[in-house]
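Take a look at the chain and its fold below. Then read on for a short tour.

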Amino acid sequence: MHPAAAQIRAGDIRAAARLMRDLDDGVPGAQDILKDLFPFTGRAWIIGVTGNPGSGKSTLVDQLIGTFRAQGKRVGVVAIDPSSPFSGGAILGDRIRMQRHSGDDGVFIRSLATRGHLGGLSASTVDVASVLDAMGFDIIFIETVGVGQDEIEVVYAADTAIVVCIPGAGDDVQSIKAGILEIADLFVVNKADREGAQRLVRDLQMLLSLAPQPEDAWPPRIHETVAVEGKGVDDLMSSLQTHRDWIQAHGADRRRAKMEWRFWSIFRRTLLEEARVESRLRQRMPSLLDDLLARRRDPHTLAREEVRALFHPAPRLSPDLSEP
Ligand SMILES: Nc1nc2c(ncn2[C@@H]2O[C@H](COP(=O)(O)OP(=O)(O)O)[C@@H](O)[C@H]2O)c(=O)[nH]1
Ligand SMILES: [Mg+2]
């Protein structure tokens with residue numbers, strides 16, 4: 001076993017934090033450590049929480065951490081906020097919000113900077129969660145801002161997916177993205193102390209009834225909460241447990257689908273990385289861009305040619321064969 005993997009298995013938080021940072025940064029070699037940890041993963045309950053910025057995800061997670069800790073569970077949190085990779089504002093915010101758990105070694109909170117472009121966000125987030133999984137954390141929250149497809153996919157990687165909505169202008173049912181309805185196991189209408197919460201619940205119920213589920217599927221539930229006051233958190237918690245029981249009884253197909261999703265996500269990233277190196281595209285990019293901007297070539301044809309060239313490199317004729 002890689003020494004760092006052994007340290008992490010032994011509960012070394014610093015070694016774990018270092019590996020998570022390296023995974024997030026795409027440092028070569030980090031995946032070798034993860035490889036040794038992988039056999040010890042698959043035990044944690046991964047709960048994805050997504051929703052618009054400011055909807056109260058961190059506040060809610062903070063409440064749920066408290067409840068899980070009261071049950072003696074160890075809890076990890078991976079928080080991602082693509083809106084603030086530079087300012088670090090949200091990262092600081094999350095730290096402060098969850099500060100009451102900062103002295104608790106049964107809680108580990110990690111904010112990712114989401115430098116992972118090239119479709120790397122989803123893959124590296126799940127990898128980071130795997131580190132916590134291998135360390136024996138019972139519950140792992142993945143908090144993402146529900147802005148792009150990638151963030152939605154991160155939630156798809158979870159065992160249980162919570163989508164947080166709030167009443168009020170700009171965050172009503174119309175703004176609930178296609179794709180999110182399908183992935184949500186539990187809807188939370190947070191800030192239920194505000195006007196319009198009940199209407200939002202009714203709208204969600206209607207939307208769900210319009211999208212008929214297969215008979216054997218989990219019927220998504222809707223909960224109202226006031227996360228700042230802890231209101232509704234107990235009910236949400238009991239639905240979470242019910243969902244957990246449900247996936248343990250009926251979740252085999254789902255686990256397969258998620259593993260397949262994870263594989264393709266890594267495959268896509270690996271392919272892009274390899275292609276970038278192999279084709280030396282980076283070096284050739286300036287002249288390619290000149291051609292594209294001058295409309296001498298079009299990006300579709302160019303991309304296809306580059307991909308074809310990777311798989312079918314032009315045979316290099318040896319000098320004596322090429323001469324007649
Ligand atoms: N009125 C009200 N405010 C809330 C509630 N939950 C969270 N907030 C506030 O909403 C703001 C954003 O919360 P935060 O948890 O950081 O949202 P996130 O960006 O989704 O993680 C904070 O100022 C919270 O105190 C709630 O139920 N009611
Ligand atoms: Mg947050």
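This is a predicted model: local features need pLDDT of at least 70, side-chain atom pairs count only at pLDDT 80 or more; totals for chains, interfaces and linings use all residues.

Residues are numbered from 1 along each chain as its sequence is written, while chains are lettered from A and ligands numbered from 1 in the order in which they are written.

**The whole protein**

The protein has 14 helices and 7 strands. Helices (H or I, at least four residues) and strands (E, at least two) are DSSP runs, numbered from the N terminus. Of its 324 residues, 36% count as buried. A residue is buried if 20 or more other C-beta atoms lie within 10 Å of its own, exposed if 12 or fewer, and partly exposed in between; C-beta atoms are placed from the backbone. Two residues are in contact if their C-beta atoms, placed from the backbone, lie within 7 Å. Among contacts with a separation of 6 or more, 77% join residues 24 or more positions apart.

**Two helices**

The expected span of a helix is 1.5 Å times one less than its number of residues. Here are two helices against that rule.

| Helix | Residues | Length | Expected span | Span between end C-alpha atoms |
|---|---|---|---|---|
| α11 | 252-278 | 27 residues | 39 Å | 38 Å |

How many residues of α11 are buried? The number is 2 of 27, so α11 lies largely in the open. In α2, the buried residues are A15, A16, L19, M20, L23 and D24. An α-helix has 3.6 residues a turn, so residues three or four places apart point the same way. Both helices are followed by a positive phi. After α2 comes G26, with phi near 70°. Just after α11, R280 has a phi of about 50°.

**The core**

A nonpolar core is a set of buried Ala, Val, Leu, Ile, Met, Phe, Trp, Tyr and Cys residues joined through C-beta atoms within 7 Å. The largest one has 65 residues, and I8, L19, V78, V131, I139 and I140 touch the most other members. Helix α6 (residues 120-134) supplies the largest share of this core, 7 residues. Not counting residues up to four places away in sequence, I8 touches A15, A16, L19, L37, V131, A134 and M135.

**Around ligand 1**

A residue is near a molecule if its C-beta atom, placed from the backbone, lies within 6 Å of it. Ligand 1 is surrounded by 16 residues, and the closest are G56, K57, S58, T59 and A227. Which helix gives the most to this shell? That is α4, with 3 residues.

T67 also lies in helix α4. With 17 C-beta neighbours inside 10 Å, T67 counts as partly exposed. Leaving aside neighbours within four places in sequence, T67 is in contact with V233 and M237. T67 and V233 are 166 residues apart along the chain, yet their C-alpha atoms are separated by 8.7 Å.

**Two loop residues**

K191 lies in the loop between β6 (186-189) and α9 (197-210). Its phi is near 60°, a positive value in a residue other than glycine. R295 sits in the loop between α12 (281-293) and α13 (299-311). R295 is not a glycine either, and its phi is about 60°. Are these residues buried or exposed? K191 counts as buried because it has 25 C-beta neighbours inside 10 Å. R295 is exposed, with 7 other C-beta atoms within 10 Å.
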